Amino acid sequence: MQPLFLRTTLRAIETRALAAGLPLMERAGLAIAQFTHERTDLERRILVLAGPGHNGGDALVAAAELTELNHAVDLLCWGAETRSDTARVAYEQFLANGGRLLTALPRYANWQMAIDGLFGIGLNRPLQGDWLSLIERINTCDLPVLAIDLPSGLCSDTGQILGAAIQANWTLSFIGLKPGLFTLQGRDHAGEIYLDTLGLTSENLAGANAQLVNQMPATIARLRRPRHAHKGMFGDVGVIGGGLGMVGAPLLAGRAALLLGAGRVWVSALAAGAPAYDPLMPELMFAPVDQLLEPDNLAALVLGPGLGTEDVAVEALRQALAGAVPLVLDADALNLLAAHKPLARQLTKRRAPAILTPHPLEAARLLGCDTATIQADRLQATAELVKRYKACVVLKGAGSIVSDGKQTYLNASGSPALSSPGQGDVLAGMIAALLAQGLSAIEAAQLGVYLHGRAGDVAEQTGTGPIGHTASETAQFARRLLNQAVLAL
Ligand SMILES: NC(=O)C1=CN([C@@H]2O[C@H](COP(=O)(O)OP(=O)(O)OC[C@H]3O[C@@H](n4cnc5c(N)ncnc54)[C@H](OP(=O)(O)O)[C@@H]3O)[C@@H](O)[C@H]2O)[C@@H](O)CC1
Ligand SMILES: [K+]
């Protein structure tokens with residue numbers, strides 16, 4: 001895991017470090033120059049783009065250093081209002097070393113690489129006019145681009161594109177990683193991400209706003225099984241859903257729960273005439289909804305996959321909320337919470353754990369806003385959901401966010417292979433299986449989301465994705481990853 005920092009926190013860290021006399025911009029510029037030097041030759045020219053703030057200052061130090069290293073460098077340097085002394089000295093040195101100053105991008109040029117130092121964490125509104133055209137032009141140049149701190153145009157906190165954003169091959173980020181690099185559009189723009197703390201120690205870097213989950217969470221150690229294991233030790237999971245035409249949804253959740261290690265799994269599908277067994281996974285058991293809602297029968301209950309919003313669904317949710325079984329609420333259970341205030345009130349008063357797993361549209365319904373508002377600040381939206389519903393929340397989408405208000409995680413695994421039907425059902429079943437095996441709500445949500453994402457990554461590496469990968473395969477890949485990790489402990 002790696003700490004993630006919002007802009008305001010980074011500013012505070014920077015201020016303290018500068019007050020302590022650390023030459024941050026010099027170090028950033030030298031790191032950029034070194035990174036570039038290792039990936040280029042002295043034959044072809046390098047393009048450096050420097051914007052009006054300190055991100056541009058980093059770029060100027062890098063440009064000067066590259067000329068020191070005998071590179072031929074072209075510098076496009078717009079708007080110098082906020083130059084620091086360090087940046088001004090670097091600019092003079094760059095010119096003295098024979099660096100070439102551009103006032104606009106020439107139509108034809110043969111750069112081997114570009115360095116994007118237009119905007120960093122100080123971008124505070126959508127780009128317009130010449131800035132917008134410049135970024136769009138760079139993106140069509142087919143040039144390898146190194147972004148300084150983050151791709152210009154990307155919002156550091158949210159991963160939103162403000163007007164247009166540089167499409168980078170690499171991002172060399174400074175001091176701390178930013179959430180915007182990993183959620184929403186960030187991952188599509190940042191390329192390979194590197195971090196240089198500029199010499200700041202972990203004490204200087206206290207106060208992270210979230211943690212990036214980019215490796216198998218340590219909680220898997222708790223899933224190790226003793227030799228004397230029997231199925232009664234791994235918890236019973238129930239799944240309620242499957243209204244008319246949607247019977248497959250609880251089956252997907254139930255199968256995933258079995259594959260991820262639940263001791264036993266019962267499915268209850270509400271649709272009249274729903275099948276009473278699963279020929280592809282006959283290990284699943286089926287029971288009427290009332291049986292699954294009896295107190296103390298289960299270690300975890302998934303409610304929602306294909307549930308529908310009929311009265312019987314409302315009643316099932318009401319009873320589940322009244323009980324003490326840890327819940328994973330997905331899909332229509334979330335829509336019912338959004339539509340029925342008494343159910344939402346019941347949830348907020350509930351003592352036993354509940355995990356809500358909305359995608360952005362469901363999150364928008366839960367908060368009474370539109371999807372764009374959720375996506376504009378996914379961390380903030382998650383925090384609001386946690387506060388309003390007093391539950392652990394998984395906000396799905398690129399860079400899923402998991403939070404219980406005390407701990408907040410941004411998940412780094414996942415690929416477009418997971419944009420296929422039934423993935424939410426599978427994730428809900430996986431999380432329930434982990435709950436049933438004794439993990440807390442936040443642990444189960446964090447591990448479930450990471451494994452689900454990794455399964456999507458493996459799909460891409462092994463050729464079932466990004467196109468045509470199915471949710472059933474995700475659960476199988478996740479099982480393999482979990483077993484490999486547990487056996488390697
Ligand atoms: N502090 C340090 O010592 C260190 C800083 N570091 C580096 O500095 C970066 C942060 O620097 P920064 O704060 O100067 O912000 P930055 O992103 O360069 O841009 C601000 C400028 O952009 C302007 N502007 C904003 N939006 C705009 C828009 N849409 N369109 C047009 N203009 C717009 C804004 O102007 P204004 O809002 O006043 O109009 C202002 O002039 C950070 O990412 C890292 O790379 C590291 O090296 C570590 C040491
Ligand atoms: K940048």
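Start by selecting ligand 1: the residues of its shell divide into 13 nonpolar, nine polar and five charged. Here Ala, Val, Leu, Ile, Met, Phe, Trp, Tyr, Cys and Pro count as nonpolar, Asp, Glu, Lys and Arg as charged, and the others, Gly among them, as polar. Before going on, please note that this is a predicted model, where local features need pLDDT of at least 70 and side-chain atom pairs count only at pLDDT 80 or more, while totals for chains, interfaces and linings use all residues. Residues are numbered from 1 along each chain as its sequence is written, and chains are lettered from A and ligands numbered from 1 in the order in which they are written.

**Stop 1: around the ligand.** The shell holds 27 residues, and G53, H54, N55, G120 and G122 are the closest. A residue is near a molecule if its C-beta atom, placed from the backbone, lies within 6 Å of it. Now select α1 (7-19), α2 (24-37) and α3 (54-68), which each supply at least two residues of this shell. Which helix gives the most to the shell? That is α3, with four residues. Helices (H or I, at least four residues) and strands (E, at least two) are DSSP runs, numbered from the N terminus.

**Stop 2: the seven-stranded sheet.** Next, colour the open sheet with the order β4-β3-β2-β5-β6-β7-β8, which has parallel pairing. Because β4 (100-102) and β8 stand at the edges with a single partner strand each, one side of each is left without a neighbour in the sheet. On average, neighbouring strands here are turned by 20° against each other, direction ignored. Two strands pair if DSSP finds at least two bridges between them.

Step across it strand by strand:

- β5 (residues 113-117) and β6 are parallel and share three bridges; the partner of A114 in β6 is V145.
- β6 (residues 145-148) runs parallel to β7, again with three bridges, and I148 stands opposite L172.
- β7 and β8 (residues 192-196) are joined in the parallel sense by five bridges, with F174 partnered by D196.

**Stop 3: between the domains.** Select domain 1 (2-207) and domain 2 (218-487) in two colours; these bounds come from an automatic or database domain assignment. Their centres, taken over C-alpha atoms, are separated by 40 Å. Eleven residues from domain 1 and ten residues from domain 2 take part in the contact, which requires C-beta atoms, placed from the backbone, within 7 Å. On the domain 1 side, four of these are nonpolar, five polar and two charged.

**Stop 4: the eleven-stranded sheet.** Show the open, mixed sheet with the order β1-β9-β18-β17-β16-β15-β14-β13-β10-β11-β12. Its edge strands are β1 (2-4) and β12 (285-286), each pairing on one side only. Zoom in on β10 (residues 236-241) and β13 (residues 300-303), a parallel pair with four bridges, in which V237 has A300 as bridge partner.

Stop 5: Finish in helix α17 (residues 471-487), at E473. Is E473 buried or exposed? E473 counts as buried because it has 20 C-beta neighbours inside 10 Å. Leaving aside neighbours within four places in sequence, E473 is in contact with A459 and T464.

Notes
Contact = placed C-beta atoms within 7 Å. Axes fitted to C-alpha atoms, helices over the stretch in contact; angles between N-to-C directions. Buried ≥ 20, exposed ≤ 12 C-beta atoms within 10 Å, placed from the backbone.
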